[in-house]
Amino acid sequence: MEESNSTAKSLMENLLGLLRVRIKRGVNLAIRDVRSSDPYVVIKMNNQKLKTRVIKKDVNPEWNEDLTLSIINPNQKVKLTVYDHDTFSKDDKMGDAEFDIAPFIEALKRNITGIPNGTVITRIQPSSHNLLADESCITYSNGKVVQDMILRLQNVECGEVEIQLQWIDLPGSKGL
């Protein structure tokens, strides 16, 4: 058996599945250029790093972009950072946030089916232990479990980012 083949196999055996993070929009982001900013979002988990496209001159950008992370450890937090794209200098940070996926994974493990569309499974309240700007609901929507979050950016004067989590089962992976 080839080396790369066995590595891929052991990765699949440890993989719980994929987390699709929909970066919906930014609200009242910080101004980093003269009158506006050219924001984009980077999410990081372990050695995975994904980013959205840049939206020019908009502090209330609508990305509606899906970024997909491979999940091995459900207790690992995901770090989200907003940057201002600059053509001639290093991109400026416009705040960051971390979020927990453990409550979402727990809700998925309950394997809920056949309940009315829009049913709230779990509510997570904003607290000093998370960066939620508002209550976050894990909901049964169109046959899938999703979690909506509004993250309050830290290390910056203002700004929030709205995201939605969705799970993708991978055939051949360990699964939940």
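## A buried alanine in a loop

A30 is found in the loop between strand 1 and strand 2; helices (H or I, at least four residues) and strands (E, at least two) are DSSP runs, numbered from the N terminus. The C-alpha atoms of A30 and E160 are separated by 9.6 Å, although these residues are 130 residues apart along the chain.

The structure is a predicted model, in which local features need pLDDT of at least 70 and side-chain atom pairs count only at pLDDT 80 or more, while totals for chains, interfaces and linings use all residues. Residues are numbered from 1 along each chain as its sequence is written, and side-chain values use heavy atoms, with hydrogens and water left out.

## Asparagines with positive phi

The loop between strand 1 (17-27) and strand 2 also holds N28, which has a positive phi of about 55 degrees although it is not a glycine. N28 is partly exposed, its relative accessible area being 44%.

Another residue other than glycine with a positive phi is N142, where the value is near 50 degrees. N142 belongs to the loop between strand 8 (136-141) and strand 9, and with a relative accessible area of 64% N142 is exposed.

An open sheet is formed by four strands in the order 3-2-5-6, with antiparallel pairing; two strands are taken to pair if DSSP finds at least two bridges between them. Strand 3 (48-51) and strand 6 (92-99) stand at the edges with a single partner strand each, so one side of each has no neighbour in the sheet. On average, and with direction ignored, neighbouring strands of this sheet are turned by 20 degrees against each other, the axes being lines fitted to C-alpha atoms (for helices over the stretch in contact) and angles running from 0 to 180 degrees between N-to-C directions.

Strand 2 (residues 39-45) and strand 5 (residues 78-84) run antiparallel and are joined by six bridges. Along this pairing, V41 stands opposite V82, and V42 stands opposite T81. Six bridges also join strand 5 to strand 6, again in an antiparallel arrangement, and here Y83 has K93 of strand 6 as its bridge partner. Six of the seven residues of strand 5 are buried, so this strand is largely enclosed by the rest of the structure.

## The aromatic pair

A search of the whole structure finds one aromatic pair, under the criterion that rings of Phe, Tyr and Trp (its six-membered ring) pair if their centres lie within 6.5 Å, with planes under 30 degrees apart counted as stacked, over 60 as edge-to-face and the rest as tilted. The pair consists of Y40 and Y83 and is stacked, at 5.6 Å centre to centre and 20 degrees between the planes. Because Y40 lies in strand 2 and Y83 in strand 5, the pair ties together parts that are 43 residues apart in sequence. Y40 is buried at 8% relative accessibility, and Y83 is buried with a relative accessible area of 18%.

## The two largest pockets

Pockets and cavities are defined on a 1 Å grid over the protein atoms alone: a cavity is a set of points where a 1.4 Å probe fits but cannot get out, whereas a pocket is an open set with protein on both sides within 12 Å along at least five of seven lines, and lining residues have an atom within 4 Å of a point. Grid points are joined across faces, edges and corners, and a volume is the space filled by probe spheres set on the points. The largest pocket contains about 320 Å³ of space and is lined by 13 residues, of which L108, N111, V145, W167 and D169 lie nearest its centre. Helix 2 (102-109) and strand 9 (144-152) are the elements that give two or more residues to this lining, and helix 2 provides the largest share, three residues. By class, the lining has seven nonpolar, three polar and three charged residues, where Ala, Val, Leu, Ile, Met, Phe, Trp, Tyr, Cys and Pro count as nonpolar, Asp, Glu, Lys and Arg as charged, and the others, Gly among them, as polar.

The second largest pocket has a volume of about 190 Å³, and of the 13 residues that line it, F99, D100, H129, N130 and L131 are the closest to its centre. Strand 6 and strand 9 each supply at least two residues of this lining, with the largest share, three residues, coming from strand 9. The lining of the second largest pocket divides into seven nonpolar, three polar and three charged residues.

How values were computed. Buried < 20%, exposed > 50% of the residue type's maximum accessible area, 1.4 Å probe, protein only.
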